[in-house]
Amino acid sequence: MTQLQQWQARLMGTSAPGAVILIRLYVGAVFLSEGVLKFLRPEQLGTGRFDKAGIPAPGFLASLDGLFEIGCGLLVLAGLLTRLAVVPMIVNMIGALAITKLPILWGDAALFNGKSGWWDFSHESRTDFAQLCGSLFLLFVGAGIYSLDARLARVRSAVPAETLPQG
């Protein structure tokens, strides 16, 4: 097995149970819908929100974020390259928590006027935290047996080694 084949096997391999599809459906659907909403409601959820939060180049970064959420959400839903797809979404959720939610703790959140302290922070960050945990879970266990990743891994393992391209 070549190094590329070993890397692909680690990336797409999964022995996680079929129930993982429930996490994939939740995580993928939320990312997909939030990405689409950045374009459908740019003032509230896209460029306008990024600008209000003080994020530089809000037009570019909101669009980029929306495209990543749509693309990665679709990959997660399909269970294709799932481990790779959740990596930018983990970064996305850490950024969302750090930039927009953590300031709530000290009452300085541009997006959440009048909210401060632990309880407001925990309430406003619940979806971001759930998405972060779901994405980390998928990174660790993979897409599960009901996924394109698992199907491709089964097909790949069924192909005799002598028919695989060498390299």
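User: So how much accessible surface does the protein chain have?
Analyst: About 9400 Å², and 68% of that belongs to carbon and sulfur atoms. Areas are Shrake-Rupley values with a 1.4 Å probe, and for residues only the protein chains shown count as cover.

User: Where do these coordinates come from, and what are the ground rules?
Analyst: This is a predicted model: local features need pLDDT of at least 70 and side-chain atom pairs count only at pLDDT 80 or more, while totals for chains, interfaces and linings use all residues. Residues are numbered from 1 along each chain as its sequence is written, and side-chain values use heavy atoms, with hydrogens and water left out.

User: What's the average pLDDT of the chain?
Analyst: The protein chain averages 91, with 94% of the residues scoring at least 70. pLDDT is the predictor's confidence in each residue, on a scale from 0 to 100.

User: And where is confidence lowest?
Analyst: In helix α1 (residues 3–12), with a mean of 76. The highest is helix α2 (residues 20–40), at 98. Where pLDDT is low, predicted coordinates should not be read in detail.

User: How many helices and strands are there?
Analyst: 9 helices and 0 strands in the protein chain.

User: What box do the C-alpha atoms fill?
Analyst: Roughly 65 × 30 × 25 Å, taken along the principal axes.

User: What about contacts across the sequence?
Analyst: Take the contacts between residues at least 6 apart in sequence: 72% of them join residues at least 24 apart. A contact here is heavy atoms within 4.5 Å.

User: OK, electrostatics. How many salt bridges does the search find?
Analyst: 4 in the whole structure. The criterion is a side-chain nitrogen of Lys or Arg within 4 Å of a carboxyl oxygen of Asp or Glu.

User: Which residue does Asp65 bridge to?
Analyst: Lys38, with the closest N and O atoms 3.5 Å apart. Asp65 sits in helix α5 (residues 58–78) and Lys38 in helix α2, so the pair ties together parts 27 residues apart in sequence.

User: What does Lys38 do with Glu69?
Analyst: Lys38 forms a salt bridge with Glu69 too, the closest N and O atoms being 2.9 Å apart. That pair also links distant parts of the chain, with Lys38 in helix α2 and Glu69 in helix α5, 31 residues apart.

User: What else is on the salt bridge list?
Analyst: One of them joins Lys101 and Asp128, with the closest N and O atoms 2.6 Å apart. Lys101 lies in helix α6 (residues 82–101) and Asp128 in helix α8 (residues 126–141), so this pair ties together parts 27 residues apart in sequence. Both Lys101 and Asp128 are buried. As for shared partners, Lys38, Asp65 and Glu69 are joined into one network.

User: What does Phe50 touch?
Analyst: Leaving out residues up to four places away in sequence, Phe50 touches Lys38, Leu45, Ile55, Pro58, Leu61, Ala62 and Asp65. Phe50 itself is in helix α4 (residues 47–52) and is buried, at 11% relative accessible area.

User: How far is the Phe50 C-alpha from that of Ala62?
Analyst: 6.4 Å, with the residues 12 apart along the chain.

User: Where do Trp118 and Phe121 sit?
Analyst: In helix α7 (residues 118–124), 3 residues apart, which is about one helical turn. Trp118 is exposed at 52% relative accessible area, whereas Phe121 is buried at 12%.

User: Which residues make the nonpolar surface patch?
Analyst: Leu102, Leu105, Trp106, Trp118 and Trp119, with an area of about 630 Å². Patches use residues with over 30% relative accessible area and no salt bridge, joining like charges within 9 Å and nonpolar side chains (Val, Leu, Ile, Met, Phe, Trp, Tyr) within 5 Å. Trp119 is found in helix α7 and is exposed, at 69%.

Terms used. Helix = DSSP H or I, 4+ residues; strand = E, 2+ residues; numbered from the N terminus. Buried < 20%, exposed > 50% of the residue type's maximum accessible area, 1.4 Å probe, protein only.
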